[in-house]
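Please consider the following model before reading on. The paragraphs below lead through it residue by residue and element by element.

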Amino acid sequence: MHVSHYLPRALPEPLAGLSTLALDLRWSWHHGTDNLWKMADPDIWVSTRNPWLILESLSNQRLESLAVDPKFIEVLQHQLDAKKRHFLSETWFTSHFGQTFQGYIAYFSMEFGLSESLPIYSGGLGVLAGDHLKTSCDLGVPLVGIGLLYQQGYFRQALDERGEQIEFYPYNDPNMLPVIPLRDDKGEWVKIAVELPGRLLRLRVWHAEVGRRTLFLLDSNDPLNNPGDRGITSELYGGGQEMRLQQEIVLGIGGWRLLEKMEIDCPVCHLNEGHAAFAILERVRNFMIRYQQPFELALRATRAGNLFTSHTPVEAGFDRFPPELFMHYFHDYAKQLGIREDQLLALGRGGAPGDNGEPFNMAYLAFHGAGAVNGVSRLHSEVSRGIFQPLFPDWPNAEVPVGHVTNGVHAPSWDSAVADTLWTDACGKARWLGALETIEDDLRRVDDTVLWNFRRLGRQGLVEFLRARLARQENWQEALHEQTQGLDPDFLTLGFARRFTEYKRDNLLLHDPQRLTRLLTSRDRPVQLVIAGKAHPHDDVGKRMIRQWTDYLRQPEVQGRIVFVEDYDLVVAAELVQGVDVWVNTPRRPWEASGTSGMKVLVNGGLNLSELDGWWAEAYRPEVGWALGDGREHVDVAAWDAMEAEQLYLLLEEEIVPCFYRRDENGLPREWIARMRESMAQLTGRFSSNRMVRQYTEQFYVPLADAYRQRSADGARLAAGIEDWHTLLKQHWDKLYFGNVTSEMCAEGYCFQVQVYLDGIPPEAVNVELYADALGALERVCHPLARTASLVGANNGYLYTGTVQAGRPVTHYTPRIVPAHSAASVPLEASLITWYR
């Protein structure tokens, strides 16, 4: 893939490489260039951490001065050499798949949280996407990101004198962001056109460099668009339903058109949530044109290369559009696809008969156009199978085709300088660039004293940050910033930072304020608490939670023991996860699809106190942290909240605080250090984006790319065969039926004989199976039966036989007929099923 760079200002010859470094967002986690930018302009660096802004802000006089500064030139050259080595070095991907994998993975996301200098993210989804892109750079996975360049991004937060949240929307000046216009080989700005009702929308394309990887960002603020259309990409998650539909058209259709225009071969399309699902349709449309094939066959071919990752734990969280609004924008597009409007609408519906008003569901479109679907934790995949059950009404919940890849975090982006030193000494500098085979054993060899000193330095760094940050906060905390003088790097430090919303139960610790006060103000075992987070501008419940905390921390007795950090962003997040001893997370199960904030403390020696939800439901062991809840869902929310609040207080009072302050003769909390060591050793690699991206690559990217290549080869011959198979099944499936079904005890267990009549379906096109659900300690059973004879006098009737173990009642087993094709995914691509009744 060739990308032409456009550099807007000339630099003195000795500084020629400075633009290259400023535009490469790899500096956001490889901190070797930090000193370079501090030398150039320390004030802007501390305030923005945006090298591109520094470069654009430097006067010509300052540039000339730096050009003759031998120390600056030496550091610059050193970093340019390091960048060259980075591009030339062997990677995990090239060593494993470099000889066989061709093309790129297109990774679509509504937001990307790469750096605070590029504010086009709101929270966990964007930060996860940013970590995914960074890790693909580290591992050499050939992935290209597709997103939107927002004129405002997500809101900035402040609190007024009453402690109420207020929102600001500063303008993102593209010239001050580390992005540049994407230009073709002729030097022309690459633009994409997308049809909207009665007009053409022009999209400008920007390019961000992330080491070896590329992020393309689409922007509707082209002067040739009408004023309303220029604002389509004005604000992340802003506007109403129609603007959201427009943004998703830009992302999905515009994004795939960009790949086609740039001739970037992407056998795999990864949808990070359903926002970009229109890319499925545009990919189909381009396949139809290229191979001169109808819609159904083109969808059959291209879906094999599409991966849909859902992050949503409730069905109401999916984007849905009224059919009238949807068809207003897609009436002409349906004609381009050569299908009827009702056929197009059906791709975004659950199939409820006769419901013409059913909204168009973007997650359903993603599901109907995917070759694989996954949730973002083991528990979330179970929840998602329930959410998507309506698409597979007669299939057991356990067989709804949703796998899982548990989220992970990019450790180099979240570790402190002290943590980086410790891990480098223990595991080597290249520890996050490979398969992490030895890090668990390496960490266990770290001395107790080294670990404890490392943890204290993390706490000290957080205290210093908070003192500086609170001194700058205005409004209601201006008169209270002196409270940070009471913070102490030797006190047990709890932290939580997240979006303030009802299901996250951000105020659970305030269930009994007096009890919390006693905990914080203990003379012999003091505790300090750091809080940060935003509420969505329209979430009044979340805003009330923030107000509860600001009211509480005004109390004189807790000042110096609790602080609220305004305007939670990547900078604040990094400082918190690097400094706290315990990360508190209290979502209402099962509403936390994964959660990644607690993962970020692992590399820094922090421990987790969390609800058994999301990632913690599979990570928790008593030796690595503490758990809230009983691992189940509860109907009486208020009563269970009260019970878990009591459990939270008890854990803090009776286990966590005593464990931290229980010291040996050398002043070391041996039990605490043991938990630190096990948490770091067992969990850091397991819940890193290194493991996550390698799992996506091995489990999905490589197999999906192979499947797409096979289906599209030879004029889409295999895809045509699968489509013919599926058409045949639909034509005859309602005429399948069972004859006699008998079972008896035999030496091997239960011996079944099942008569099946297949009408016009070849027997090779189906499987006949015995199925039994999981029950208590009994596991789910799906046992294939063998076709042993043709039934005399029957048209396409057969006898199927088989034996299953007799470890459960014979009545647990039910015969069934399911589609079968060696190159198709069942039931994802063929959800037909017939049970013996």
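**A buried residue, a helix pair and a disulfide**

Phenylalanine 97 counts as buried because its relative accessibility is 15%, where buried means under 20% relative accessible area, exposed over 50% and partly exposed in between (1.4 Å probe, protein chains only). The model is predicted: local features need pLDDT of at least 70, side-chain atom pairs count only at pLDDT 80 or more, and totals for chains, interfaces and linings use all residues. Residues are numbered from 1 along each chain as its sequence is written, and side-chain values use heavy atoms, with hydrogens and water left out.

Phenylalanine 97 lies in helix 7 (residues 92-97); helices are DSSP runs of H or I with at least four residues, numbered from the N terminus. Setting aside neighbours within four places in sequence, phenylalanine 97 contacts Trp92, Thr697, Glu698 and Val702, contact meaning heavy atoms within 4.5 Å.

Helix 10 (residues 241-261) and helix 11 (residues 278-291) have axes that come within 8 Å and cross at roughly 35 degrees. Axes are lines fitted to C-alpha atoms, for helices over the stretch in contact, with angles running from 0 to 180 degrees between N-to-C directions. Among the residues that meet are Leu245, Ile249 and Trp256 in helix 10 and Phe278, Ala279 and Arg283 in helix 11.

The whole structure holds 1 disulfide, a disulfide being a pair of cysteine sulfur atoms within 2.5 Å. This link joins cysteine 746 to cysteine 751, with an S to S distance of 2.0 Å. The link is right-handed, with 85 degrees about the S-S bond. Cysteine 746 is partly exposed, as its relative accessible area is 21%.

Conventions:
Helix = DSSP H or I, 4+ residues; strand = E, 2+ residues; numbered from the N terminus.
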